[in-house]
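Thanks for coming. I'll take one structure today and keep it short. Please have a look at the slide first.

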Amino acid sequence: TSSTVSSSFHSSSASRSPHIVFSFSSWKKLARDWAEQVVAGPGEIARQEEQVFNFDDPARSLRGWGIVTDKGIGGQSTATVDIIENKFVRFQGQLIPPVDLPVDKSTSPSSSSSSTSTSEEGERDCKEEEEAPGKKVEERKENTGTAFSVLQTEKGMLQTYDFEPFQGLKLKTRGDGRKYIISLKTENWVLPSSQSDDMYQGYIQPKEGEWQEIILPFDKFLLTWKGKVLNEQSIMNRRNVISLSVATVADKEESFSLDIQWIKACNFD
């Protein structure tokens with residue numbers, strides 16, 4: 001019994017063209033390669049993974065990266081990023097939410113004596129009259145926003161990468177137990193301009209003090225606008241990723257520390 005089959009694509013004249021014979025294993029390989037070609041897109045066979053960032057080279061590891069905090073909206077958060085032991089980067093700092101500015105009120109004999117006793121303000125006026133003349137009253141400070149710190153690449157830094165052949169990102173990271181937001185900014189499918197860029201966000205929560213390889217599938221990223229998830233989601237334009245960022249937020253004062261050794265694009269099926 002022969003283990004080969006003749007291809008139907010041969011000449012009927014043996015003298016003009018010999019039979020082209022393929023083994024079953026050859027057909028199987030061709031079918032597998034064809035399937036991978038379809039997944040990967042035109043001109044590229046899907047690979048298992050590809051390195052995007054490796055933070056073990058002090059000369060270029062942080063080139064093109066920068067930090068943004070909430071100081072532009074009145075916050076006082078601080079953050080730094082440093083290469084540690086030529087092996088990984090450490091993104092750390094202090095999250096301090098924006099607060100109301102304290103308001104000083106001074107009472108005087110005239111203001112105290114002129115206090116009226118309307119039904120709505122009677123209780124407040126009585127308290128003011130009890131204050132010694134000239135004593136300052138400082139209102140309590142309250143948080144008025146969310147603290148945040150962001151480690152991000154320059155815009156356009158990732159446009160040489162094609163993430164279409166891959167299913168997600170893989171990060172080797174060590175955290176502090178808190179959640180971190182991984183954001184990918186991409187060109188809009190319809191309006192490819194800076195005014196219409198899309199922001200997709202996913203979340204990781206590395207264990208405290210333990211190195212982990214965390215996979216974040218692209219289909220787990222959510223389309224957002226100014227930090228809020230949109231009701232209408234669309235497929236990420238992975239061929240035109242503009243930038244990547246890592247962020248953390250808090251509504252009270254907290255410290256944070258995240259180590260990252262590398263970031264890769266990967267397949268995991």
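In what order do the seven strands of the open sheet run? The order is 4-9-16-11-12-14-15, and the pairing is antiparallel. Keep in mind that this is a predicted model.

Strand 12 covers residues 198-204 and strand 14 covers residues 222-225; three bridges join them in the antiparallel sense. Tyr 200 has Leu 223 of strand 14 as its bridge partner.

Strand 14 also holds Thr 224. Is Thr 224 buried or exposed? Thr 224 has a relative accessible area of 4%, so it counts as buried, the cut-off being under 20%. Setting aside residues within four places in sequence, Thr 224 contacts Met 199, Gln 201, Val 229 and Leu 230.

On to the nonpolar core. As background, nonpolar side chains in soluble globular proteins tend to be buried together. Here the largest nonpolar core contains 36 residues. Leu 169, Ile 182, Leu 184, Phe 218, Phe 221 and Leu 244 have the most contacts inside it. The element that gives the most to this core is strand 17, residues 254-266, which supplies five residues.

Finally, Phe 218. What does Phe 218 touch, not counting residues up to four places away in sequence? Its contacts are Phe 163, Phe 166, Gln 167, Gly 168, Leu 169, Leu 184, Met 236 and Arg 238. Two of those, Leu 169 and Leu 184, are also on the list of residues with the most contacts inside the core.

Definitions and conventions
Residues numbered from 1 in each chain as written. Predicted model: local features only at pLDDT ≥ 70, side-chain atom pairs only at ≥ 80, totals over all residues. Heavy atoms only, no water. Core = buried A, V, L, I, M, F, W, Y, C linked by side-chain atoms within 4.5 Å. Buried < 20%, exposed > 50% of the residue type's maximum accessible area, 1.4 Å probe, protein only. Helix = DSSP H or I, 4+ residues; strand = E, 2+ residues; numbered from the N terminus. Contact = heavy atoms within 4.5 Å. Pairing = 2+ DSSP bridges.
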